[in-house]
Amino acid sequence: MRKLVVAASLFALLFHSMPLLARAVDAERQRITLSLATEPPSLDSALATDQISSFLLAHLMDGLVQYGPDGSLVPGIARRWEAREDGATFWLREDATWSDGKPVTAEQFVYAWRRAVDPATASQYAFILFPIKNAEAVNRGDMAPERLGVRASGSHKLEVSFDKPCPYFAKLTAFMTFFPARQDVVERWGRAYAADADKMIFNGPFVLERWVHGARLTLKKNPRYWNQAAIKLQEIDLPYITSDPSTHYNLYKDNRIALSPLDSSTLSDALARGYETHLFDFGTLFFLEFNFREDRATRNLALRRAIQSVLNPSLLVYKVLGLPGIKPAYSLFPSSMRAGGGVFSQQYPPPRIDYDIEQAQRYLAQAKQELGTIPPLTLLVGDSPRAVNEAEFYQYVLKQSLGLETRLDQQTFKQRISKMRRGEFDIAAAGWGPDFDDPITFGDLFASWNENNRGRFIHAGYDAAVRQAQQSLDPEVRLQAFDRMQHIVSEEVVIIPTYENVGLYVQHPQLAGVRRSIFGGDPNFRYAWVEP
């Protein structure tokens with residue numbers, strides 16, 4: 001993690017002159033107060049897809065493996081594991097229990113994984129289990145969930161079979177869709193499972209003590225956690241839910257929360273006050289996604305190429321966003337993504353795009369010949385100030401350069417995701433962060449079988465490249481497959497990459513041990529504590 005350190009001693013002086021509100025942090029009680037951008041759409045690990053749910057589940061649940069204090073992969077519920085070309089074996093620790101004292105068993109992983117791939121569950125992350133034997137067939141409805149290639153050999157041994165080699169499978173099991181589930185609890189609550197604090201159960205370092213919808217969540221240390229000696233914090237309170245960055249920052253200034261993101265409107269004030277500011281590269285890609293459904297004008301390649309030719313990411317980043325560290329994006333794979341022992345973009349540079357208005361107008365003329373009159377395009381965006389600024393930039397450029405009309409559809413995060421899932425957009429502003437440490441976490445996003453491919457792009461060559469990257473044990477073969485993916489995405493204009501996000505933030509000087517994490521939930525307070 002990189003930091004911009006600005007007059008730390010001045011900040012310390014200012015901070016210690018504040019009234020002792022004892023709100024943001026409490027060293028004696030080892031308690032911290034934070035805010036959320038939005039309420040989690042779902043805390044059912046089979047259904048969760050978003051960053052907020054991932055953040056909470058990373059504190060409430062343990063998978064087979066997890067990420068340690070330094071971000072490396074370490075044992076979780078599995079005390080050890082063994083990977084083979086045809087599968088993997090995990091030996092579970094015998095001292096792991098749920099928050100009600102019942103043991104965590106191998107059969108609970110079997111149940112959770114079968115449930116996730118069962119088409120009746122409608123998990124958008126079912127695809128992440130596809131390396132397991134028969135997972136795709138089960139998810140298509142061609143096989144019963146019991147045919148999934150996973151079984152419990154006793155209470156504490158889990159056997160997994162693959163259809164094809166999967167060199168990164170252990171990394172996958174740290175992801176939330178692989179978390180275990182208790183069949184008795186799931187079936188007791190049915191559709192209401194994990195919708196409230198009292199309708200779920202936990203095997204991680206914290207339990208969800210309170211969930212007042214739209215208002216507050218409170219996490220308390222789990223006294224039955226197998227590794228509770230490593231957990232210092234006793235409580236994480238989240239009494240503020242707002243998408244407004246200025247509100248988060250004002251709460252931080254008032255000593256009500258211990259960490260706050262910064263944006264262009266709050267950064268200058270933070271620097272003027274002498275706060276120590278931090279910068280973290282999320283490894284997240286933001287992009288415009290096109291709708292390929294038959295009833296949408298954006299199914300037309302010439303129209304997509306016209307739009308691609310006038311939306312230059314560098315103009316957005318440097319003229320509109322104006323935040324340190326944010327970089328223009330030119331590929332499906334972020335520029336810092338590592339693969340094959342090095343940085344992928346240095347080995348296989350992104351395809352070149354010519355930003356040319358005259359060429360764009362020729363593409364547009366072709367599109368009009370093929371489509372006739374082009375109706376106003378619906379641009380689905382978020383409701384945050386940054387999202388609105390971006391949308392207005394896209395709207396202006398498309399009108400001035402191509403004469404295209406766009407209608408902005410501003411939605412809350414939950415509603416935007418719901419509309420994307422239903423295909424109610426022509427172009428959608430979207431983002432994707434890596435789920436695990438391998439480029440395939442971006443590559444398979446636009447595979448035809450991936451439910452997160454919300455524009456419904458289907459391309460046999462792209463699917464073949466994804467399959468090869470998933471199954472090959474040869475690093476160079478995998479790199480070449482990723483390169484084919486980024487070229488197909490560019491040539492077919494599946495998306496227009498816009499920028500790679502970073503997080504600027506301020507953190508309370510007494511709060512230590514926070515791990516900013518590309519993988520496994522961010523920010524991560526598992527190993528954090530409050531200094532006196």
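In the predicted model, M143 lies in the loop that links helix 4 (135-140) to strand 8 (150-152); helices (H or I, at least four residues) and strands (E, at least two) are DSSP runs, numbered from the N terminus. Residues are numbered from 1 along each chain as its sequence is written. Because the model is predicted, local features need pLDDT of at least 70 and side-chain atom pairs count only at pLDDT 80 or more, whereas totals for chains, interfaces and linings use all residues; side-chain values use heavy atoms, without hydrogens and water.

M143 has a relative accessible area of 25% and is therefore partly exposed, that is, between buried (under 20%) and exposed (over 50%), with a 1.4 Å probe and protein chains only. Apart from neighbours within four places in sequence, M143 contacts N134, A137 and V138, contact meaning heavy atoms within 4.5 Å. Its C-alpha atom is separated by 20 Å from that of S448, 305 residues apart along the chain.

The largest nonpolar core comprises 168 residues, such a core being a set of buried Ala, Val, Leu, Ile, Met, Phe, Trp, Tyr and Cys residues joined through side-chain atoms within 4.5 Å. Helix 3 (residues 106-117) supplies the largest share of this core, eight residues. Among the residues with the most contacts inside the core are W113 and M485. Beyond four places in sequence, M485 touches F333, I440, G443, Y462, A465, V466 and A469.

An open sheet of five strands has the order 2-3-12-11-10 and mixed pairing, where pairing requires at least two DSSP bridges between two strands. Strand 2 (25-26) and strand 10 (206-212) are the edge strands, each pairing on one side only. Six bridges join strand 10 to strand 11 (residues 216-221) in the antiparallel sense, and V207 has K220 in strand 11 as its bridge partner.
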